Structure formats: C-alpha cells, structure tokens
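The following note was prepared for a colleague who wishes to examine the model at the level of individual residues. Please read it with the structure open.

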2 protein chains.
Amino acid sequence: MDKTAQNSSLLPAQRPRAIFFDAYGTLFDVYSVGLLAEQFFPGQGQAFSQIWRDKQIEYSRLVTTSNHGQHYQPFWDLTLAGLRYAGLRLKLDLTAEREQQLMNQYRHLSAFPENREVLQALKDRGVVTGILSNGDPSMLDVAVKSAGLGDLLDHVISVDSIRKYKTHPDAYALAEQATGLKASQIGFVSCNSWDALAATWYGYQTFWVNRYQLPFETLGTEPCHTGSNLKDVLSLLAD
Amino acid sequence: MDKTAQNSSLLPAQRPRAIFFDAYGTLFDVYSVGLLAEQFFPGQGQAFSQIWRDKQIEYSRLVTTSNHGQHYQPFWDLTLAGLRYAGLRLKLDLTAEREQQLMNQYRHLSAFPENREVLQALKDRGVVTGILSNGDPSMLDVAVKSAGLGDLLDHVISVDSIRKYKTHPDAYALAEQATGLKASQIGFVSCNSWDALAATWYGYQTFWVNRYQLPFETLGTEPCHTGSNLKDVLSLLAD
C-alpha cells in the first residue's frame, strides 16, 4: 500500500456505496498476450503487444468521435484491427493461424491474482460491485467466467449498448443508470490513467491503480486516490 | 510518386476546387524537435519526441470527448502537457530552461521543403488553398510566417474557435463552412493516418501522404489517394 492510499481512508458517510472496475488492464492483464507474441516473434513480443494495445485504445476513440459513432465497431473487432496493425507496423509474419491464436489468448487473458479477494471484501462490507468496460458483452462474459468472478459482481456493464467507448461521458453514465446512484456515490477503479482521468472529470470517486509506476496524465487533474494494487482500494473503506 | 498516386489523376469535373492541408506532421515536421531533445537527453531524443507527439494527440482526443469539451485546452497547452509527460515517463531531467527551449523549437518547427512549390502549383491552377489544423491561431500564425507560406494560403483555420479537435466532425466541417463548398468538392491532405481516415469518413477527397512508409489504419476504410510526398498531390490535377 503506498502513502497516498494509506492516507485515503474515508469517513463512513463519504464511502462509495458501489465500486466499479475497469476490466482490461485493471482486472485482466492485457499484456499477458506478450508471452505468446514473443514465441511467435522472438525479441518483438513486448513491442508487438504494446502497439496492439495502443491501437486498440486509439481505435476506440476514433470510432467514438468520428461522425457521432457512425463508424462504431465492437471491441472485439477493434482488438483484431489493432492486432493486424501491429503485425503490419512491425512487418511480422502474422499468419491467419497466429492471428487466431493471439485473439484466442486475448479472449482468455490472465486475471490479476488479487481480484477475488478484493471483490469478496467489498461484498462483505455491503458495497455494490461491478465492471464498466469497453469490452463487448461476449468478451466480458468469457473473461468473467474464466476468472471465476461471476458470483462477486452485481453488474457487468459493457458500453456496447450505447456504441460509444470510454472516455465518452455517456459511457461513464452507465454505472449511474445501473445503480440509481449519483457519480459522487460511486467509486471507479482503473489501472489506465486516461480512464481514471476521465472518470474523475465525470465525477466518480476515482482510484488509479498504478501497477507499472507510470506518471499520471499531466492535464492538471489528479485521481481522487492512488494505489499500486487492487487491494489498496480497500483502504477507502478501512475503519 | 508511388503507383497509387500515378493512378489517381482525376477528370476535370471530379477535381477538388479547394485543397486543405493538415499542419503538424504534414506541412511542418513535428519530429524536427528530436535533434534538440537528443542534445539534452543523449540516446533518448527519438523516444522522447515520439512520446511527446503521441501524448499531444492523445490529449486532444481526451479533452474533446470528455464531458463534451468542458475540459478543452488550447493546443499549445496540450503540447506542453505532452512534453512534461514525456519527461516524467522517461525520468529525464527536464529543467524549466530545457522545457522552454523545446517549446520554442516546437513553435518554429521545420517546414517540409516542397511546401511552397506545391501550394504555388495549386494556386496557379486556380485551386483554393488552406490549412485545417488542431494548432491554435497563434501557433499557426508563427509557423506559417516562419515558413513563408502566408501569400499562398487562402484560409488558415484553427479548430480553437469550436474547442473540439480533429477527429471530431465539427472540426472537419470548418473547411466546408469557410469555403461554402461541399466536402466532396474539397481535397484534404494529411500525413497523419488517423486524420486521413477520419476525413475520409467525413466525406473529403482525402490524400494520405505516407512519408514514413507506415501501414494505414486497419479499420476497413482506405484514403481516396495515397502518395509519399506532398508533390504527389498535384497528380490529382494532372491533365
């Protein structure tokens, strides 16, 4: 637990009544595909998985902004598009078989080990739990089941129903709508700094889990709380 | 001139009546700051200027999407924020003096050598010329004057008036509004593949100048024309 998190225990009245988690990068390790990529493309697995991830996120923004969502594609399709771009960018021999294996790996990303413990502790304290994710429903369904988290999540929300990705405010609004709570009563946890930033702008009680010791975005807004591990989120609720 | 460009000469009735250029990356070389960065941070100049550029673009998207532009900041401020992020990300000693020198360099980016020739050729053919840029007006003013392009540009349009960055459709609409022409009558030239993509979605006759032999975005839309140099744009108007 880092210093920021230690200092962030909240008075009971201020504690969030629901806590939503981002999925990709937060509950599920998007870089766990790097090992398979390294097998296929020795020496380039890390660069490949970084470009893949960056393009997937970039595409989610381009389709959301451009022509008011007319060019929306489900997250699975954007993930595949990002994969293909990474192969072209690095001039790799991305055969149809390798492409399929990498996408299959993405469908079954490793879950971070502390997920269950943290979600269980939240449930024990009577906090409503959920996922609010860019992933489409079938991706989330497989990921949640693979990680055995289904019984610990009250809500699994995909932005797919509104065809706009985070960081669009309509996407963040989905957790308010699902719970009937105001944003200020909801905690939002993300390891992605852009997600923690925009959720802070939206009005959530944000918790940025900085797994990789990265700087936060430098736009003049800080997340409400910061930690290095999902367990740090529990400090918000400590007596 | 590459094969695609050679094949793209248009019938007179199809030729664009105006041609707008993206500024940063297209007329002005955003990576020309890399030399100064390399002097300050030996061995890391390229990585630094790449992160700087990527963050600048990412921030333009985040502020445009989030809360409907409530968090808009001028491009100069986003450029500074991107610079600071790059320094933190690479753990560099970015002193206030170095920061100022790098920003000053950004204000006076190198112009690509063929700019004047291409704009002059368009003017000679009676084509309306312009810039449609994310840069704020004072940045564009200095850049255009430094490059001596003022007399060759009928329009210098910044998105700053609408507080939304490309790739928002309202940003692309500005060239239609300035000229009174329809998008289909306007050529739009960019070296940035995301810009060429979104301008194609918007309906412009797009020309992607692929200076660095990169793949195009893999979202299923191709630019109308492709070349490797701004001069290739003239092939659209060749008899």
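The numbered points below concern the sheet, the contact between the chains, the backbone and the charged pairs.

1. The structure is a predicted model. The remarks that follow should be read with that in mind.

2. The sheet of chain A. An open sheet in chain A is built from 6 strands, arranged in the order β3-β2-β1-β4-β5-β6, and the pairing is parallel. The edge positions are taken by β3 (155-158) and β6 (225-227) of chain A; each has a single partner strand, so one side of each lacks a neighbour in the sheet. From one strand to the next, the twist averages 20°.

3. Pairing of β1 and β4. In chain A, strand β1 (residues 18-21) pairs with strand β4 (residues 186-190) in the parallel sense over 4 bridges. A residue pair to inspect here is A:Ile19, which stands opposite A:Gly187 in β4(A).

4. Helices on the sheet. Helix α6 (residues 115-124) of chain A packs on the sheet and touches β1 and β2 (128-133) of chain A. The direction of α6 makes about 160° with that of β1(A). Helix α7 (residues 137-146) of chain A lies across β2 and β3 of chain A, and runs at about 145° to β3(A).

5. Contact between the chains. On the chain A side, 36 residues are in contact with 36 residues of chain B. The two chains bury about 3100 Å² between them, and 61% of this lies on carbon and sulfur atoms. Within chain A, the residues that lose the most area to chain B are A:Trp201, A:Thr218 and A:Leu219, which together account for 21% of what that side buries.

6. Polar and charged pairs between the chains. Between chain A and chain B there are 17 residue pairs in polar contact, both residues being at pLDDT 80 or more. The count of salt bridges between chain A and chain B is 4. B:Glu58 forms a salt bridge with A:Arg61, with the closest N and O atoms 3.0 Å apart. On the side of chain A that touches chain B, the elements giving two or more residues are α3 (45-65), α4 (75-89), α8 (169-179) and α9 (193-202) of chain A.

7. Cis peptide bonds. A cis peptide bond joins A:Lys166 and A:Thr167, with omega about 20°; A:Thr167 is placed in the loop between β3 and α8 of chain A. In chain B, the peptide bond from B:Lys166 to B:Thr167 is cis, with omega near 25°. B:Thr167 lies in the loop between β3 (155-158) and α8 (169-179) of chain B.

8. Positive phi values. Although A:Gln213 is not a glycine, its phi is positive, at about 50°. This residue is in the loop between β5 (205-209) and β6 of chain A, and its relative accessible area of 58% makes A:Gln213 exposed. For B:Gln213, phi is near 50°, again a positive value in a residue other than glycine. B:Gln213 is placed in the loop between β5 (205-209) and β6 (225-227) of chain B, and counts as exposed at 57% relative accessibility.

9. Over all chains the count comes to 24 salt bridges. One of them joins A:Lys123 to A:Asp154, the closest N and O atoms being 2.7 Å apart. This pair links distant parts of the chain, with A:Lys123 in helix α6 of chain A and A:Asp154 in the loop between α7 and β3 of chain A, 31 residues apart. A:Lys123 is partly exposed at 28% relative accessible area, and A:Asp154 is partly exposed at 39%. In chain B, B:Lys231 forms a salt bridge with B:Glu117, the closest N and O atoms being 3.7 Å apart. That pair links the segment after β6 of chain B, where B:Lys231 lies, to helix α6 (residues 115-124) of chain B, where B:Glu117 lies, 114 residues apart.

10. A salt bridge within one helix. B:Asp141 forms a salt bridge with B:Lys145, the closest N and O atoms being 3.2 Å apart. Both residues lie in helix α7 (residues 137-146) of chain B, 4 residues apart, about one turn of the helix. B:Asp141 is partly exposed, with a relative accessible area of 38%, whereas B:Lys145 is exposed, at 62%.

Note on methods
Residues are numbered from 1 along each chain as its sequence is written. Chains are lettered from A and ligands numbered from 1 in the order in which they are written. This is a predicted model: local features need pLDDT of at least 70, side-chain atom pairs count only at pLDDT 80 or more; totals for chains, interfaces and linings use all residues. Side-chain values use heavy atoms; hydrogens and water are left out. Two strands pair if DSSP finds at least two bridges between them. Axes are lines fitted to C-alpha atoms, for helices over the stretch in contact, and angles run from 0 to 180 degrees between N-to-C directions. Contact means heavy atoms within 4.5 Å. Buried area is the accessible area (1.4 Å probe) that two parts lose on being put together, summed over both. A salt bridge is a side-chain nitrogen of Lys or Arg within 4 Å of a carboxyl oxygen of Asp or Glu. A polar contact is a pair of N or O atoms within 3.5 Å; within protein, one must be able to donate a hydrogen and the other to accept it, and residues adjacent in sequence count only if both atoms are side-chain atoms. Buried means under 20% relative accessible area, exposed over 50%, partly exposed in between (1.4 Å probe, protein chains only).
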